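Please look at the screen for a moment.

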Amino acid sequence: MPVRATKRGAQRTPLQRDCDVLVCGASFAGLAVARELSGSGARVLVIDRYEIGERQTSACGIPTSWLDALDLRGALCQTFGELVLHTPWTTARWQLPWTFSTFDYRELCALLWDQADLELTEFETATVTGRDGHTVHTDRGDLSAPLIIDALGWRRVLSNNKAIQPPEARLSRGLEVHPPGAGEDLELWIDKRYVRAGYAWSFPATDELRVGVGSFWPSHHVKEPTVRLAGDLNLPAEGYQGNWIPHQLRAAVEDGVFFVGDSAGHCLPLTAEGIRTAFYFGLACARELRPVLDGRATREDALARYGAFSDLHERKYRWLLNTQHAVGRLTPSRALTMMARGFARPRACAWAFNHYLAIAPPSFVGDGPSKNRPARARVPSPAAV
Ligand SMILES: Cc1cc2nc3c(=O)[nH]c(=O)nc-3n(C[C@H](O)[C@H](O)[C@H](O)COP(=O)(O)OP(=O)(O)OC[C@H]3O[C@@H](n4cnc5c(N)ncnc54)[C@H](O)[C@@H]3O)c2cc1C
């Protein structure tokens, strides 16, 4: 994919397009939807305020099996078979039953984009400002489509309900720096010296380290502890990236719109792992859109089925959120240190991590439609759906 800079000023000419599916947001969730619509025959328009892959939105760590399942290994930076957990009283090495990898954000986005049907899928830079019915307002004009996806992240821009505002909302906050450097271990710290409720991390990614702090409590600031952690690791605090992270599942459909990834609260509580879930729910959403594009189902059918699919995960998300609250309460007690030592036993670790992976398993990728299926009929106009 050519590296282009985001269009600015006069380059942002008025945008007018007819499309069957309008995907707002071109990060993990939006690109997964576009990829999974390949072969559906749908005209897909993907929009984002930045060029694809231009702004990294996370530390980019994921179970390696998800990279393989989506054929994204080309973006892999480094792979880890264990997690090193530090508490004030111990350092435990957890042998994972599967590996975890860091990846290059720009490269991964480019590889995912290449999996979309590039004859029928277009990308434009545009900033979304709101929505009325099936018309999305952007800084380059209004766009209408019968099928609209909000993959715009935690702000849930296409919702017309009360705006989600930190620090009161159910959001965690995360910040990291990306200094040049190298490391062998995937490291976590649960230590109130860095954060009262949450964790700190260092993720090596070939020639840089992604070092940061996440707080489960939105009112607690993370910049000073991030700088301090970098200092403790003898690293310069440079290359900041951070964001709010929803830690509670939200409605995945609202007022005729599909919400995927952070906009639907699909990031997992406790671990703040939201990339594979953005992929998982993005694939699930696209699979519900395909029968609508075929004329075999209505938009309302797809909304009901996708909403129900997301809701099915509520119990697991609630369980993780309760664990997040417990870890917050237990930090910095010795009970947490005992737990850290407990999971150093390979059987306990395998049991916990296999259950955790099963919340959004990589096998889900293979359950989808095969690529390059013959083109299908166009979706009916909004009025007819
Ligand atoms: C510091 C930090 C580290 C993290 N590390 C990890 C990690 O290692 N592993 C992991 O699994 N998860 C991690 N997460 C969580 C993960 O980043 C998110 O859950 C994930 O990015 C959600 O993907 P998404 O596609 O839903 O949203 P996003 O990745 O946030 O993408 C939203 C897209 O919408 C665009 N957009 C937003 N508003 C507008 C607008 N108004 N108009 C047009 N475009 C807009 C943005 O430019 C962006 O491209 C981390 C989060 C933080 C904050």
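Two strands pair if DSSP finds at least two bridges between them. Strands are DSSP runs (E, at least two residues) and helices are too (H or I, at least four), numbered from the N terminus. This is a predicted model, where local features need pLDDT of at least 70, side-chain atom pairs count only at pLDDT 80 or more, and totals for chains, interfaces and linings use all residues. Residues are numbered from 1 along each chain as its sequence is written, and side-chain values use heavy atoms, without hydrogens and water.

Strand 12 (residues 186–189) and strand 13 are antiparallel over 3 bridges. Leu188 stands opposite Trp201 in strand 13.

Next, the ligand. Which residues come nearest to the ligand? They are Ser27, Asp48, Thr57, Val128 and Asp262, out of 34 around it (a heavy atom within 4 Å).

There are polar contacts, meaning pairs of N or O atoms within 3.5 Å; within protein, one must be able to donate a hydrogen and the other to accept it, and residues adjacent in sequence count only if both atoms are side-chain atoms. A polar backbone atom of Ala29 is 2.9 Å from a ligand oxygen atom. A polar backbone atom of Gly61 is 2.9 Å from a ligand nitrogen atom.
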